Amino acid sequence: MRIAVYRLLFLAGLIALWWLASTMVTRNLVPSPWATVEAAQRLIAEGRLLTALGDSLSIYLGGYAIAILVGVPLGLIMGTIKPLGKTLEIFVYALSATPRVAFIPLIIVFLGLGPQAKILIIFLGAVMPILINTYAGALNSDQELVEMARSVGAKQKRIFTQIMLPGAVPFIIVGLRVGATIGLINTVVAELYTAVKGLGGLLAIYGNTFRMAEYFVIVLTLALIGVLVTEALRFVEVRLGRWRRSEVTI
């Protein structure tokens, strides 16, 4: 409760600084908070904001879900089968260090400008942190506990489900959080580079025409999506934390 009050006070301070900045520079660059609220009401009344939000969320959640389905199992397999992990890790790190923007021309050539191309761009951005953190979590499992389980005759499946997987959960959650953030950024990038649509498309249109009140509405909407996804993952982390404590019982 106390943290919630602190957050509200901090938010009030940010809005006050925003209002102060809007009075010190021309309104064409920094709109006032009230002008931004009015712009949000117009965009909602015209249906533009909700339509763009639906377009962006559909491709964002699609690409992010595929990244989870690929990144978590592959990271666990690499961490469990160590020769395979050592073989693949250098290629994973090389791909992680490569800017995903470099792949966009190729993706457009092969998949066009449709939703498939956008989902692939989001997937490429989100999957790397999920995969690398899951791999690190599997490698950092408690080896003393693993050896003790083996010494009492525990099977590999039980060791994996009750020691390695629960131990990797905090790393997986960190990967999911970072992947969610990068996936959201890549959503905007994908909408800017391919068919101009969704929140990224509105961002380009309002930015190019200096309609800064509408532009701020889109930026704040993206920030709100990031907060909601992060808080949802925090809820999942708490629930999985209880599961971890109940599973490590060997």
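Predicted model: local features only at pLDDT ≥ 70, side-chain atom pairs only at ≥ 80, totals over all residues.
Residues are numbered from 1 along each chain as its sequence is written, and side-chain values rest on heavy atoms, with hydrogens and water left out.

The protein chain contains ten helices and zero strands, where helices (H or I, at least four residues) and strands (E, at least two) are DSSP runs numbered from the N terminus. From the N terminus on, the order of elements is accordingly α-α-α-α-α-α-α-α-α-α. The C-alpha trace spans about 70 × 55 × 30 Å along its principal axes. Of the 250 residues in the protein chain, 38% are buried, a class defined by under 20% relative accessible area, with exposed meaning over 50% and partly exposed in between (1.4 Å probe, protein chains only). Among contacts (heavy atoms within 4.5 Å) between residues at least 6 apart in sequence, 77% join residues at least 24 apart.

The largest pocket holds about 640 Å³ of space. A pocket is here an open set of points, on a 1 Å grid over the protein atoms alone, where a 1.4 Å probe fits and which has protein on both sides within 12 Å along at least five of seven lines, and lining residues have an atom within 4 Å of a point; grid points are joined across faces, edges and corners, and the volume is the space filled by probe spheres set on the points. The lining of the largest pocket comprises 19 residues, of which L11, I15, L220, A223 and L224 lie nearest its centre. Two or more lining residues are given by each of α1 (2–24), α2 (33–46) and α10 (212–247), and the largest share, eight residues, comes from α1. By class, the lining has 16 nonpolar, two polar and one charged residues, with Ala, Val, Leu, Ile, Met, Phe, Trp, Tyr, Cys and Pro counted as nonpolar, Asp, Glu, Lys and Arg as charged, and the others, Gly among them, as polar.

Helix α2 has 14 residues, which should span 20 Å at 1.5 Å a residue, in agreement with the 20 Å between its end C-alpha atoms; the expected span is 1.5 Å times one less than the number of residues. In α2, P33, T36, A39, A40 and L43 are buried. These residues cover an arc of only 115° around the axis and therefore lie on the same side of α2, the arc being that of the directions from the helix axis to the C-beta atoms. On the other side of α2, W34 and A45 are exposed. Just after α2, G47 takes a positive phi of about 85°.

Helix α9 (residues 198–208) is mostly covered, with eight of its eleven residues buried, among them G198, L199 and G200. S56 itself lies in helix α3 (residues 48–80) and is buried, with a relative accessible area of 4%. Just after α9, F210 takes a positive phi of about 55°.

Y135, placed in helix α6 (residues 115–139), counts as buried at 4% relative accessibility. Leaving aside neighbours within four places in sequence, Y135 is in contact with G75, M78, G79, G85, K86, E89 and Y93.
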